[in-house]
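Here is a short briefing to read alongside the structure. Please keep the sequence and the 3D view open as you go.

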Amino acid sequence: MKKVISISLSMLALTILFVSPLFAAKIAVKDYQTTVEMKDSSITVQTKIIPNSSEPIKKLNLTARKAADEKITEVAVSVNGKPLAVKVAEKTHEWAGKKVVSYVIDQELTEPLSEGGEISITYTVGNTAKDGYIQIPLFIPPWKLVQAGMPFQATFKLPKGKYFQGKSMPISYKVESSGDGESVAFRNLNAPAGLYVAVGDDPAGFFTWGAKWTITMFVLILLCSFFYLRYEMRQIKGRAA
């Protein structure tokens, strides 16, 4: 009997030993907020990341993937309001079968980041224009976003005299206008690798990309409704005959 109990306890201990890592607390991002502000020829990005982890975070790893030839400079990072000296390295790696260049921050934290802590990143982006679009790479952590609500929030601000044009990312947005210029706010379940917007010196007018998409969908719904009603009327006439 003692041998049976001993074997059972040993098996239970082994089960706990091998299974417990599967249920270990994983780091997730509870809140990711970024504000992109364009002033003349410079673009400033301010990002705030709030991780959700019961275990202290001892290392900071952030990656911003370049879309074209944009340059990231003047990077400043703080953890819980305290400045953190970081080195930003450019690394080339494979992504979707292509070679891409990314800006990488890989830094040990002098003070571990605990639950409710905050990571702040501020940087300047230059040379962002490509095919009429402004490309904004974002520093993304390796942790997934909490799949509840809309943890990713982005705000893009333009100076006075500049206007949003055509298709952009965020794809669905509402442009807010004020005396200081236009701005858009966007919320999403996941964080994109970057943002891109088309900007011009004249207002976009009514036929923006969003308006065209809405009109196209409305016309398709009308056509589907028309053919459906026509089919039903034929069916009714066939029964009556």
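Of the 241 residues in the protein, 29% are buried. Please bear in mind that this is a predicted model. The secondary structure amounts to two helices and 16 strands.

**Overall picture**

- The accessible surface of the protein is about 15700 Å², and carbon and sulfur atoms hold 59% of that area.
- Among the contacts in the protein with a separation of 6 or more, 73% are between residues 24 or more positions apart.

**The nonpolar core**

- How many residues does the largest nonpolar core have? There are 38 residues in this core, and Ile136 and Phe139 are those with the most contacts inside it.
- To see what surrounds isoleucine 136, look for Val36, Ile43, Val45, Thr128, Phe156, Gly194 and Leu195, which isoleucine 136 touches when residues up to four places away in sequence are not counted.
- As a general background, nonpolar side chains tend to be buried together in soluble globular proteins.

**The three-stranded sheet**

- Three strands form an open sheet in the order S3-S7-S6, and their pairing is antiparallel.
- Strand S3 (57–65) and strand S6 (88–95) are the edge strands; each has a single partner strand, so one side of each has no neighbour in the sheet.
- Direction ignored, neighbouring strands of this sheet are turned by 35 degrees against each other on average.
- S3 and strand S7 (residues 98–113) run antiparallel and are joined by eight bridges.
- If you want a place to start looking, threonine 63 stands opposite valine 104 in S7.
- In general, the strands of a sheet pair through backbone hydrogen bonds.

**Pairings of strand S15**

- Strand S15 (residues 181–188) pairs with strand S12 (residues 152–157) in the antiparallel sense, over six bridges.
- Opposite valine 184 in S15 stands phenylalanine 156, and phenylalanine 156 is also one of the residues that isoleucine 136 touches.
- S15 also pairs with strand S14 (residues 175–178), again in the antiparallel sense, over four bridges.
- Which residue in S15 is the bridge partner of glutamate 176? That partner is serine 183.

**Salt bridges**

- A search of the whole structure turns up three salt bridges.
- Aspartate 106 and lysine 59 meet through their side chains in a salt bridge, at 3.4 Å from N to O.
- This pair links distant parts of the chain, with aspartate 106 in strand S7 and lysine 59 in strand S3, 47 residues apart.
- Aspartate 106 has 39% relative accessibility and so counts as partly exposed; lysine 59 has 40% and also counts as partly exposed.
- Lysine 82 and glutamate 111 form a salt bridge in which the closest N and O atoms are 3.3 Å apart.
- Because lysine 82 lies in strand S5 (residues 82–84) and glutamate 111 in strand S7, this pair ties together parts that are 29 residues apart in sequence.
- Lysine 82 counts as partly exposed at 46% relative accessibility, and glutamate 111 counts as partly exposed at 47%.
- Lysine 39 forms a salt bridge with glutamate 37, and here the closest N and O atoms are 3.9 Å apart.
- Is glutamate 37 exposed or partly exposed? Its relative accessibility is 30%, so glutamate 37 counts as partly exposed.

**Positive phi values**

- Glutamate 74 is a residue other than glycine with a positive phi, near 50 degrees.
- You will find glutamate 74 in strand S4 (residues 71–79), and at 63% relative accessibility glutamate 74 counts as exposed.
- Asparagine 80 is likewise a residue other than glycine with a positive phi, near 55 degrees.
- Asparagine 80 is found in the loop between S4 and S5, and at 43% relative accessibility asparagine 80 counts as partly exposed.

Technical notes. Residues are numbered from 1 along each chain as its sequence is written. This is a predicted model: local features need pLDDT of at least 70, side-chain atom pairs count only at pLDDT 80 or more; totals for chains, interfaces and linings use all residues. Side-chain values use heavy atoms; hydrogens and water are left out. A nonpolar core is a set of buried Ala, Val, Leu, Ile, Met, Phe, Trp, Tyr and Cys residues joined through side-chain atoms within 4.5 Å. Buried means under 20% relative accessible area, exposed over 50%, partly exposed in between (1.4 Å probe, protein chains only). Contact means heavy atoms within 4.5 Å. Two strands pair if DSSP finds at least two bridges between them. Axes are lines fitted to C-alpha atoms, for helices over the stretch in contact, and angles run from 0 to 180 degrees between N-to-C directions. Accessible areas come from the Shrake-Rupley method with a 1.4 Å probe; for residues, only the protein chains shown count as cover. A salt bridge is a side-chain nitrogen of Lys or Arg within 4 Å of a carboxyl oxygen of Asp or Glu.
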